[in-house]
Amino acid sequence: MPVPASSPLCDPAVPAPLPVGRRVWWRALAAALFVVGCCSGALSARPSLKEAYKDDFLIGVAVNPDNYADPDSTDARLIKTHFNVLTAENAMKWSSLETAPGRYDFREADRLVDFARKNGLYVIGHTLVWHNQTPEWVFKDAGGGPLARDALLARMRDHIRTVVGRYAGRVQAWDVVNEALDDDGSLRDSEWRRIIGDDFVQKAFEYAREADPRAHLYYNDYRLEHAPKRDGAVALVKKLQAAGVRVDGVGLQGHVNLVWPSLDQLDASISAFATLGVQVMITELDVDVLPGTKDWGDADVRRREAADPAFNPYAKGLPADVQQALARRYADIFRVYLKNRDTLGRVTFWGLNDGDSWLNGWPIPGRTSHPLLFDRENRPKPAFDAVIEVARENRPAPRPSRR
Ligand code: GLA
């Protein structure tokens with residue numbers, strides 16, 4: 001049964017999730033979500049991820065429209081059973097929402113927000129300002145030349161105001177700026193930066209705050225476990241804080257593989273952001289088991305690799321030893337997450353099942369990837385059991401009964 005629209009969980013007056021330092025509130029939320037899960041019959045005999053981690057952090061998933069089009073599909077039931085937060089894989093990116101100046105298409109994003117509302121799930125808006133999946137017209141004037149700083153700022157503000165304003169109270173948090181940094185920790189040479197200047201990040205946060213003062217606002221990036229980039233992100237957040245800009249959280253995307261990052265790197269990064277007083281989120285977790293490309297920058301190399309079966313070794317399924325390696329890796333990673341449970345607000349997987357993963361097409365197209373906890377038929381993999389087991393290992397022993 002869906003959560004009635006009058007449920008406090010669906011009430012726009014409910015505070016945005018996970019205010020820093022207010023874990024008591026969030027534990028109450030987790031308990032409420034548990035009740036919702038039970039009432040809806042969404043929890044099956046299979047252990048539930050969100051239930052296993054209910055005292056630790058929220059468990060999210062990035063979804064595509066097929067996952068929730070039919071609320072009774074296996075995908076939708078899996079979402080309701082295991083997750084309490086949704087991120088749109090693509091539906092809220094600029095290129096999906098504003099296809100031409102001032103021409104918005106909210107249909108898909110609305111469907112996702114409705115699905116979330118009916119099922120008591122939180123939504124993370126992803127993402128407002130990014131160098132990718134942003135149409136070229138955004139940066140151009142009517143004559144096709146580069147837009148002036150003020151005009152681009154006005155466009156950014158208008159987009160943020162329209163999008164964040166529309167979902168105020170229904171989308172509880174936003175990845176305001178995505179991937180502003182290069183690997184060395186300096187600001188990336190994006191069109192946002194070239195036209196506006198280094199303060200484009202600050203402006204994006206200010207506009208988002210003004211559009212929904214109650215939403216939680218995050219900076220999100222990949223490879224934040226890499227020390228120079230992590231240090232750059234720490235410096236960026238400190239600079240924003242010094243300028244009086246409130247940043248509620250930092251998202252470590254968490255696109256990792258079987259060996260990178262080391263557990264120490266992961267732990268150090270979570271701790272580094274925790275010292276800033278912001279919440280830390282793992283926002284796009286997947287563990288790649290496929291060989292990497294030899295040249296990320298060369299599309300021809302990647303095309304050649306696509307034709308080479310050596311780059312697609314598990315097209316017929318994941319062998320047992322690799323399944324076990326994946327399970328061990330997930331367990332190790334979740335132990336680090338649990339160690340940091342007071343800082344970590346959420347762990348979101350980037351895709352519901354292996355068939356949904358972007359890693360089937362990136363960096364080498366046409367491969368068969370196995371990076372998530374559910375296989376292509378939505379069956380839990382050994383990695384799923386390993387993650388559940390880590391949660392169990394860490395539970396306090398039940399109190400002896402008093403007679
Ligand atoms: C980045 C973005 C995501 C997604 C992934 C790849 O990490 O933040 O929105 O596009 O790349 O799918």
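**Exercise 1. At what angle do helix α10 (residues 227-242) and helix α11 (residues 263-274) pack, and how far apart are their axes?**

Step 1. The two helices, α10 and α11, pack at an angle of about 10 degrees, and their axes lie 10 Å apart. Helices here are DSSP runs (H or I, at least four residues), numbered from the N terminus. Axes are lines fitted to C-alpha atoms over the stretch in contact, with angles running from 0 to 180 degrees between N-to-C directions.

Step 2. Angles under 35 degrees count as roughly parallel, and α10 and α11 are therefore roughly parallel to each other.

Step 3. Now find the contact (heavy atoms within 4.5 Å). From α10, Arg230, Ala233 and Val234 meet Ala268, Ser269, Ala272 and Phe273 of α11. Sorted by class, this contact has five nonpolar, one polar and one charged residues.

A note before going on: this is a predicted model, in which local features need pLDDT of at least 70 and side-chain atom pairs count only at pLDDT 80 or more, while totals for chains, interfaces and linings use all residues. Residues are numbered from 1 along each chain as its sequence is written, and side-chain values use heavy atoms, with hydrogens and water left out.

**Exercise 2. Which residues touch the most other members of the largest nonpolar core?**

Step 1. A nonpolar core is a set of buried Ala, Val, Leu, Ile, Met, Phe, Trp, Tyr and Cys residues joined through side-chain atoms within 4.5 Å. Buried means under 20% relative accessible area (1.4 Å probe, protein chains only).

Step 2. The largest core has 108 residues, and Met92, Trp174, Tyr330, Phe334 and Tyr337 touch the most other members. Helix α13 (residues 320-339) gives the most to this core, with ten residues.

**Exercise 3. How do α13 and helix α14 (residues 382-393) pack?**

Step 1. Their angle is about 30 degrees, and the axes are 8 Å apart. That makes α13 roughly parallel to α14.

Step 2. On the α13 side, the contact includes Tyr330 and Phe334; on the α14 side, it includes Val387 and Val390. By class, it has twelve nonpolar, two polar and two charged residues.

**Exercise 4. Is Asn312 buried or exposed?**

Step 1. Locate Asn312 in the loop between α12 (299-306) and α13.

Step 2. With a relative accessible area of 18%, Asn312 is buried.

Step 3. Leaving aside neighbours within four places in sequence, Asn312 is in contact with Gly366, Arg367 and Thr368.

Technical notes:
Buried < 20%, exposed > 50% of the residue type's maximum accessible area, 1.4 Å probe, protein only. Parallel < 35°, antiparallel > 145°, perpendicular 65-115°, else oblique. Nonpolar A, V, L, I, M, F, W, Y, C, P; charged D, E, K, R; others polar.
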